[in-house]
Amino acid sequence: MREIRTPRTRSARLRAGLVAAAVAAAVGAGTVGSGMLPPPAALADPLTLERPLTMPSFADVVERVRPAVVSVRVRAQAVAVRGPEGFGGQVPDLAPGDPLYEFFRRFGEGDPRQRRGGPPPERFAASQGSGFLVSADGYLVTNNHVVENAVEVEVLMDDGRTFDARVVGTDPRTDLALVKVDADGEIFPYVEFAPERSRIGDWVVAIGNPFGLGGTVTAGIVSAEARDIGAGPYDEFMQIDAPINRGNSGGPTFNLAGQVVGVNTAIFSPSGGNVGIAFAIPAHVAESVTTQLRADGVVTRGFLGVQVQAVTPEIAEAIGLDEVRGALIAQPQPNTPAAEAGLRSGDVILAVDGEAIGDHRDLTRRIAGIAPGTRVAITIFRKGREAALDVRIGRLGT
């Protein structure tokens, strides 16, 4: 087929030829223009950066603190085994050949012939968690639910040694426990609690015993603080996204200085595994509780004696409070410090010793931290006015 050339076509081809010649000359001379491919020699170079990107490494922190992190193995006493509830705990006298013998053996938990009379037998269960040493003489911190009902406790060190241990004290309200390793003369590596609270966004490193895999290290950031997860009246959990799983309970979360900023205690997970939402008891809470457990074996808390609830925008408007703040007293309990001081239903507690109260949970934590017998000034809002009452804090029962 014959090509028809117009004057315009010939002009365009001429310009294209000139551009091609210029490109060839540039490549041959080893120069590269904007948007042009590099010469063949440059393509043979490795695809690496002259200056590597700088990312945080946790190796130094882990190497320093890992010897103080332990695995806690527990042999715990479970509930006593009793006969079938539907039969009032009574197991009929059956011979092994009876068709119902196997039913009562399996679902009545034991040989029916051995279940008549005498105390019911006991069942023991094994569990494991994590912990960390906080003193050279062998005191370690873990969760209460790890050592609850413990009969025997064994501690596995990072270097493979094992020691028998005993529970010094527990605090179910914060899910903390203090354990003492029995090893006279042994000097243990230990870590300390951070003196300052972590900030949201800070890097953290968790070390523990997930699924029995001791010495496991994970990292993440502080995702949130002061979380209320419905675990108890003193909820103030730090939320982290470092992978935490079953077996991490009681293990430490460190800052980049190697200080403990939290004690891992719970996860949110529809599947039972890590989904990036874990909760740790803040260091300031853990240190206060474990210090009392070491000194006295129990935790002493202040007690006011009121049932409180949140101040909603509707309540604040109805009573004439300028903003949503404080804790609303629903009912003072009789024969308590609150009743003796004259606190009434409908009062809003705004401050304790001049320190503002954010909400009802803030009040609960604040009062709990005051030593029993201490006299404090409580500022309240009543009938459109503020007033101050003098209250002697009582002792919360164990």
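Student: Leaving aside its neighbours within four places in sequence, with which residues is isoleucine 378 in contact?

Tutor: This is a predicted model, in which local features need pLDDT of at least 70, side-chain atom pairs count only at pLDDT 80 or more, and totals for chains, interfaces and linings use all residues. Residues are numbered from 1 along each chain as its sequence is written, and side-chain values use heavy atoms, with hydrogens and water left out. Contact means heavy atoms within 4.5 Å. Isoleucine 378 is in contact with Leu304, Ile349, Ala351, Val352, Ala387, Ala388, Leu389 and Val391, its neighbours within four places in sequence being left aside.

Student: Why does isoleucine 378 count as buried?

Tutor: Buried means under 20% relative accessible area, exposed over 50%, partly exposed in between (1.4 Å probe, protein chains only). Isoleucine 378 has 0% relative accessibility and therefore counts as buried.

Student: Which way do the residues of strand S3 point?

Tutor: In a regular strand the side chains alternate between the two faces of the sheet. Strands (E, at least two residues) and helices (H or I, at least four) are DSSP runs, numbered from the N terminus. In S3 (residues 139-142), Tyr139 and Val141 point one way, Leu140 and Thr142 the other way, and all are buried.

Student: Which residues of helix H6 are buried?

Tutor: An α-helix has 3.6 residues a turn, so residues three or four places apart point the same way. The buried residues of H6 (residues 283-296) are Ala283, Val285, Ala286, Val289, Thr290 and Leu293. Seen down the axis of H6, they fall within an arc of 155 degrees (taken from the directions from the helix axis to the C-beta atoms), so they line one face of the helix. The face turned away from the buried side of H6 carries the exposed residues Ala295 and Asp296.

Technical notes:
The expected span of a helix is 1.5 Å times one less than its number of residues.
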